[in-house]
Amino acid sequence: MVNIILLGPPGAGKGTQAKRLVDERHMVQLSTGDMLREAKTSGTEMGNRVAEVMARGELVTDEIVIGLIEEKITGPAGGGFIFDGFPRTLKQADALAALMNRTGQTLDAVIEMQVDDAALVARITGRFTCGNCGEVYHEVTKPTKAAGVCDVCGSSDLRKRADDNEDALKQRLMEYYKKTSPLIGYYYAKHQLSTVDGLAEMDTVSEAIASVLDKA
């Protein structure tokens, strides 16, 4: 069992690789967004706190997010946990370290998916998704076989995310570099950081991540 963090800017492919680890290694993906949505409708004490904060239009505190993570990591572990979207700041990284220590668990690897900004912009701005089944396509690297029709389910409901444009992506990248990239130095200093080429072919990225996990 290994516990890992996937780091990387928006569009680096963290979600894709996390899904593969869930399928192939039976790891449990802890996505902050998914946990908050789940908690909001759970009816638990923590869930009610989340619902109240979100109803006021406020940001959920680090304390609440750590509480949700604690609920998860003290439950069934499968092949380990993948932290996706958390931590985002040095303060959150310290809080996660304290939580792991308190629950007697270890963080075995932090994997940074490195990307080139220009290539990332080209990747993201060409991306579109089937609104029916969720299959992801790209105008250049993975177009649909028939124009305007999903290869998987045959739906014509193909759409782009509103923020998958160059200006919005550059803003998201700036936010990432400002708040999250300091984590790279943080985990490097702790000798926990490994890097993989996030723009390589999907299978190549998966193999590189597997190599890190097998050594953890």
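Tyr176 is buried in this predicted model, because its relative accessible area is 8%, below the 20% cut-off.

**Aromatic rings**

- The count of aromatic pairs comes to three.
- Tyr176 and Tyr177 form an edge-to-face pair, because their planes stand at 65 degrees, over the 60 needed, with the ring centres 5.5 Å apart.
- Tyr186 and Tyr187 also pair edge-to-face, with ring centres 4.8 Å apart and planes at 85 degrees.
- Both Tyr186 and Tyr187 are buried.
- A charge over a ring turns up too: Lys142 lies over the face of Tyr137, at 5.4 Å from the ring centre.

**Nonpolar cores**

- In soluble globular proteins, nonpolar side chains tend to be buried together.
- The largest nonpolar core here has 30 residues.
- Ile5, Leu68, Ile69, Ile73, Phe83 and Tyr187 are the residues with the most contacts inside this core.
- Two or more residues each come from β1 (4–7), α2 (32–40), α3 (45–55), α4 (62–73), β3 (81–84), α5 (90–102) and α8 (182–189).
- Helix α4 gives the most to this core, with six residues.
- Leu68 touches Met35, Leu36, Ala39, Met46 and Val50, leaving out residues up to four places away in sequence.
- Apart from this core lies another, of 22 residues, including Leu6, Ile82, Ile111 and Ile209.

**Annotated binding site**

- An unreviewed UniProt entry places the feature "binding site" at Gly11, Ala12, Gly13, Lys14, Gly15, Thr16, Arg127, Val136, Tyr137 and Ala200.
- Val136 counts as partly exposed, at 40% relative accessibility, whereas Tyr137 is buried, with a relative accessible area of 2%.
- Not counting residues up to four places away in sequence, Val136 touches Arg127, Phe128, Thr129 and Lys142.
- With neighbours within four places in sequence left aside, Tyr137 is in contact with Gly126, Arg127, Phe128, Lys142, Pro143, Thr144, Cys150, Asp151, Val152 and Leu158.
- Arg127 is listed by UniProt under this feature, and it is among the contacts of Val136 and of Tyr137.

Terms used. Residues are numbered from 1 along each chain as its sequence is written. This is a predicted model: local features need pLDDT of at least 70, side-chain atom pairs count only at pLDDT 80 or more; totals for chains, interfaces and linings use all residues. Side-chain values use heavy atoms; hydrogens and water are left out. A nonpolar core is a set of buried Ala, Val, Leu, Ile, Met, Phe, Trp, Tyr and Cys residues joined through side-chain atoms within 4.5 Å. Buried means under 20% relative accessible area, exposed over 50%, partly exposed in between (1.4 Å probe, protein chains only). Helices (H or I, at least four residues) and strands (E, at least two) are DSSP runs, numbered from the N terminus. Contact means heavy atoms within 4.5 Å. Rings of Phe, Tyr and Trp (its six-membered ring) pair if their centres lie within 6.5 Å; planes under 30 degrees apart count as stacked, over 60 as edge-to-face and the rest as tilted. A charge sits over a ring if NZ of Lys or CZ of Arg is within 6 Å of the ring centre and within 35 degrees of the ring normal. UniProt positions are given in the numbering used here, feature names are shortened, and annotations may be inferred rather than shown by experiment.
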